Amino acid sequence: MRVDIISIFPEYFAPLDVSLIGKARERGILDVRLHQLRDWAHDVHRTVDDTPYGGGPGMVMKPDPWGEAIDAVLASGEAPPRIVVPTPSGVPFTQRLAMEYAAEPWLLFTPARYEGIDSRVMAEYGTRTRVEEVSVGDYVLAGGEAAVLVMIEAVGRLLPGVLGNACSAVDDSFAPGAMENLLEGPVYTKPPDWRGREVPEILLSGHHGKIARWRRDEALRRTARNRPELLAALDPEGLDKHDLKI
Ligand code: 6GU
């Protein structure tokens with residue numbers, strides 16, 4: 001998969017050299033290309049922002065540098081990339097969207113600073129390819145860069161060959177299937193007794209059916225406690241007769 005990022009802080013993406021994503025890049029599974037937006041600002045100060053029409057606080061990112069930068073990225077490939085515009089006003093980034101992105105050959109992220117990008121940029125490229133404004137949660141970041149790191153980590157680990165164990169993504173919280181809209185329950189490893197705290201006996205029993213039942217109950221319990229709105233939205237078809245006692 002190819003991923004391009006246009007930003008005024010390309011150095012913000014140093015973490016992409018590390019760990020799982022760094023390894024995926026070394027192995028050629030992920031091709032990340034960083035671009036400095038200011039390379040397409042032509043005045044002496046390399047200005048990328050201006051005051052908002054209609055007044056109000058803050059600054060808005062000018063359409064010209066973004067247009068030239070996106071044109072250059074699009075010209076460097078064949079079929080245009082899906083364009084992801086990070087903004088707290090976007091649609092929620094979910095595991096479902098991460099899976100959709102993981103199936104794309106090419107993504108372009110356009111993280112903004114200030115109050116965001118002149119809206120005509122999204123309208124312009126929306127006529128040529130899929131352009132989505134996406135939010136990573138209900139809080140406001142100083143810029144979209146951290147949101148892009150979050151999205152790339154969620155997408156990158158879903159690419160074939162990136163996770164050591166292909167099954168690790170299957171039991172994830174939010175993964176479509178049995179765990180859809182359920183949070184994963186607690187996990188344990190050796191030793192069986194740590195400071196007088198014992199690992200739940202069922203996990204040492206070797207009884208796979210009972211262990212699966214216990215894990216599902218714990219997932220339901222944790223979801224009820226931490227995310228009651230998710231539990232309320234669970235598909236009744238996906239519940240079994242034992243779940244209904246929770
Ligand atoms: Cl994608 N960007 C910014 N600046 N803040 C956010 C966000 C994105 N998602 C949640 N808050």
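Student: How far does helix α5 reach from its first C-alpha to its last?

Tutor: Heads-up: this is a predicted model, so local features need pLDDT of at least 70, side-chain atom pairs count only at pLDDT 80 or more, and totals for chains, interfaces and linings use all residues. Numbering starts from 1 along each chain, following the sequence as written. Helices (DSSP runs of H or I, at least four residues) and strands (runs of E, at least two) are numbered from the N terminus, and a helix's expected span is 1.5 Å times one less than its number of residues. Helix α5 (residues 145-156) has 12 residues, and its reach is close to the 16 Å expected at 1.5 Å a residue: 16 Å.

Student: Which elements do the buried residues of α5 pack against?

Tutor: A residue is buried if 20 or more other C-beta atoms lie within 10 Å of its own, exposed if 12 or fewer, and partly exposed in between, with C-beta atoms placed from the backbone. In α5 the buried ones include A147, L149, M151 and V155. Their packing partners are β1, α1 (19-26), β5, α3 (95-102) and β6.

Student: What share of the protein chain's residues count as buried?

Tutor: The chain folds into seven helices and nine strands. Out of its 246 residues, the buried share is 25%.

Student: Which residue of β6 is the bridge partner of D4?

Tutor: Two strands pair if DSSP finds at least two bridges between them. Strand β1 (residues 2-7) and strand β6 (residues 106-109) run parallel, with four bridges joining them. In β6, D4's partner is L108.

Student: And which residue in β6 does V84 stand opposite?

Tutor: β6 also pairs with β5, in the parallel sense and over three bridges. Across from V84 you'll find F109.

Student: Which strand gives the largest share of the shell around the ligand?

Tutor: The residues around the ligand (near means a C-beta atom, placed from the backbone, within 6 Å) include P86, T87, P88, Y139 and A147. By class, the shell has seven nonpolar, five polar and no charged residues; here Ala, Val, Leu, Ile, Met, Phe, Trp, Tyr, Cys and Pro are nonpolar, Asp, Glu, Lys and Arg charged, and the others, Gly among them, polar. The largest share is three residues, and they come from residues 82-92, strand β5.

Student: How far apart do the C-alpha centres of domain 1 and domain 2 lie?

Tutor: An automatic or database assignment sets the bounds, giving domain 1 (2-156) and domain 2 (170-245). The whole C-alpha trace spans about 70 × 40 × 40 Å along its principal axes. Between the two domain centres, the separation is 36 Å.

Note on methods: Two residues are in contact if their C-beta atoms, placed from the backbone, lie within 7 Å.
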